[in-house]
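Here is a short report for a reader meeting this structure for the first time. Please look through the sequence and the 3D view, then read on.

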Amino acid sequence: MKWVGRHPGFALVPGAALAGVIAAGPVTAGSVAAGIAAGAVTWYRGHPRSWDSVVAPRMRSAHRRWLTKTYRGKHWAKIMTMLDLTKLDPDTKEKLVPRVRRIVSHSPSTETIYVDMLMGQTPGTWTDAAEALGHALRVQRVAVEETEPLRVALRVQRTEPFQQMIIPPEVPTSSDVVDVSDLYLGETEYGTEWRAPLRGQHWFISGATGSGKGSIVWGPITQLAPLIRDGLARLWLVDPKGTELKAAAPVAYRYAAGDEQSRLLIAEFWDAIEKRKSILADQGLRTATLSRETPLDVLVIDEMAAVLAYGGEPRELRATQRILGLILTQARALNGSVIGAVQEPTKEVVPLRDLFTQRVILRTTSSAHVDMVLGEDMRLRGGLADQIPNLPDTAGIGFVVRERSRTPLRVRAAYTSDGDIAEFVKVAGWPHTELGATTTITEEVSEDV
């Protein structure tokens with residue numbers, strides 16, 4: 001009776017069905033049931049997308065909760081016992097088992113299990129057991145997030161949620177439809193859009209060779225096409241290898257290839273930010289609006305290691321580090337944003353990584369890199385970027401930290417093709433030569449920088 005009281009649906013639903021048969025007769029009740037079934041089939045066939053977003057998750061949740069043994073009864077109690085997540089009541093000596101409160105199935109690959117912890121347990125207790133719990137549940141990954149006192153959410157990944165390449169939206173042609181505080185990057189493991197602000201933020205992207213860093217770099221760039229065309233945004237491209245960003249050089253405000261040229265461009269970017277800061281100070285303003293006079297200046301550094309650690313004399317590298325540090329700490333309110341990509345995110349290579357506000361880690365060769373990029377204990381909390389297979393099909397898959405939480409979120413960036421880049425260059429076609437646009441950097445930079 002106690003169990004029925006906690007789950008009244010198991011008594012009410014059959015009881016309501018039986019009452020309907022008695023009141024209306026079996027023929028009428030059967031006709032109603034058949035009508036509901038026909039309507040469901042019509043919905044499923046006619047509009048599968050809304051069915052998948054409204055009905056399918058509820059059906060999967062009910063199936064996971066009640067028609068499988070994983071999260072209920074003796075099987076769940078056994079798992080909790082084996083992982084030392086049970087306790088004995090000090091008075092009655094009854095074994096207490098954490099209770100599954102609710103299950104939300106986001107997709108066939110992912111689900112969230114809301115569990116009531118036992119008195120004396122903390123989210124850290126469950127985080128420490130997350131890896132073992134994943135093996136016990138026979139799933140790929142379990143991440144733990146505190147939702148409220150004495151309750152945690154277990155973010156369960158059963159299989160890889162990203163089985164297909166994600167196609168980005170078309171390159172926009174109107175500045176009015178571009179929101180630089182909410183740019184599309186791809187999808188999350190829950191089937192929702194992965195979006196992030198660029199204006200007022202700095203992005204740090206880390207991943208091994210072939211992990212798909214270019215997808216996260218090109219995605220926001222292509223969405224800026226009409227802003228570049230209308231003089232509301234300017235690209236400053238640092239391309240040490242001279243290959244990754246060269247396709248955008250025709251519409252870049254500044255483009256630099258090679259180590260020395262790259263350092264000069266970074267210095268010139270800071271020069272422009274300083275001038276803007278001085279102008280706003282004279283006007284009594286602390287932040288810049290988005291206009292042709294104060295456009296969004298985006299500094300894109302394809303391989304930060306080349307300009308911060310490897311490509312030059314120690315004195316030159318230290319000078320560039322100092323300038324980039326000034327940019328990262330002062331440019332955000334002045335419509336200056338940085339997108340930096342790197343393979344090795346160690347402090348020796350990128351001593352300024354903590355100054356970036358938005359961080360993404362893709363497939364990596366070291367488990368230590370996860371915490372370096374996302375923050376302390378992020379791998380323990382489920383950011384298993386080092387376990388992403390080294391396959392072409394996994395390019396663009398990685399982790400970010402969920403907003404308003406400390407839980408890594410699995411994401412995949414949309415793939416920007418050569419055709420998308422060509423369309424971007426066509427839309428962004430630079431008409432503002434009077435603003436001083438150029439495709440290469442020279443040494444005409446202030447010696448005071």
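Ile-266 touches Val-238, Leu-299, Ile-301, Val-307, Thr-320, Ile-323 and Ile-327, leaving aside its neighbours within four places in sequence. This is a predicted model.

**Nonpolar cores**

Ile-266 belongs to the largest nonpolar core, which has 45 residues. Ile-266 is among those with the most contacts inside this core, together with Leu-299, Ile-301, Met-304, Leu-324 and Ile-327. Several elements each supply at least two residues of this core: strand E10 (233–239), helix H11 (259–282), E12, helix H12 (304–310), H13, E13, H14 and E15. Helix H11 gives the largest share, eight residues.

**Strand E13**

Is strand E13 buried or exposed? Seven of its seven residues, 336–342, are buried, so the strand is largely enclosed by the rest of the structure. Both faces are covered. On one side, Gly-336, Val-338, Gly-340 and Val-342 are buried.

Which strands are joined to E13 by bridges? Strand E9 (residues 202–206) runs parallel to E13, joined by five bridges. Ser-206 has Val-342 of E13 as its bridge partner. Strand E12 (residues 296–301) also runs parallel to E13, and five bridges join the two. Here Val-300 is partnered with Ile-339 of E13.

**Loop residues**

Asn-335 lies in the loop between helix H13 (314–330) and E13. Its phi is near 60 degrees, a positive value in a residue other than glycine. Asp-377 also is not a glycine, and its phi is positive, about 70 degrees. Asp-377 sits in the loop between helix H14 (368–374) and strand E15 (397–401).

Ile-167 is found in another loop, between strand E6 (151–157) and strand E7 (183–188). With Met-165 and Tyr-415, Ile-167 forms a nonpolar patch on the surface. Together the three have about 340 Å² of accessible area.

| Residue | Relative accessible area and class |
|---|---|
| Asn-335 | 1%, buried |
| Asp-377 | 36%, partly exposed |
| Ile-167 | 59%, exposed |

Why does Ile-167 count as exposed? Its relative accessible area is 59%, and exposed means over 50%. Asn-335 counts as buried because its relative accessible area is 1%, and buried means under 20%.

How values were computed: Residues are numbered from 1 along each chain as its sequence is written. This is a predicted model: local features need pLDDT of at least 70, side-chain atom pairs count only at pLDDT 80 or more; totals for chains, interfaces and linings use all residues. Side-chain values use heavy atoms; hydrogens and water are left out. Patches are made of residues with over 30% relative accessible area and no salt bridge: like charges are joined within 9 Å, nonpolar side chains (Val, Leu, Ile, Met, Phe, Trp, Tyr) within 5 Å. Accessible areas come from the Shrake-Rupley method with a 1.4 Å probe; for residues, only the protein chains shown count as cover. A salt bridge is a side-chain nitrogen of Lys or Arg within 4 Å of a carboxyl oxygen of Asp or Glu. Helices (H or I, at least four residues) and strands (E, at least two) are DSSP runs, numbered from the N terminus. Buried means under 20% relative accessible area, exposed over 50%, partly exposed in between (1.4 Å probe, protein chains only). Two strands pair if DSSP finds at least two bridges between them. A nonpolar core is a set of buried Ala, Val, Leu, Ile, Met, Phe, Trp, Tyr and Cys residues joined through side-chain atoms within 4.5 Å. Contact means heavy atoms within 4.5 Å.
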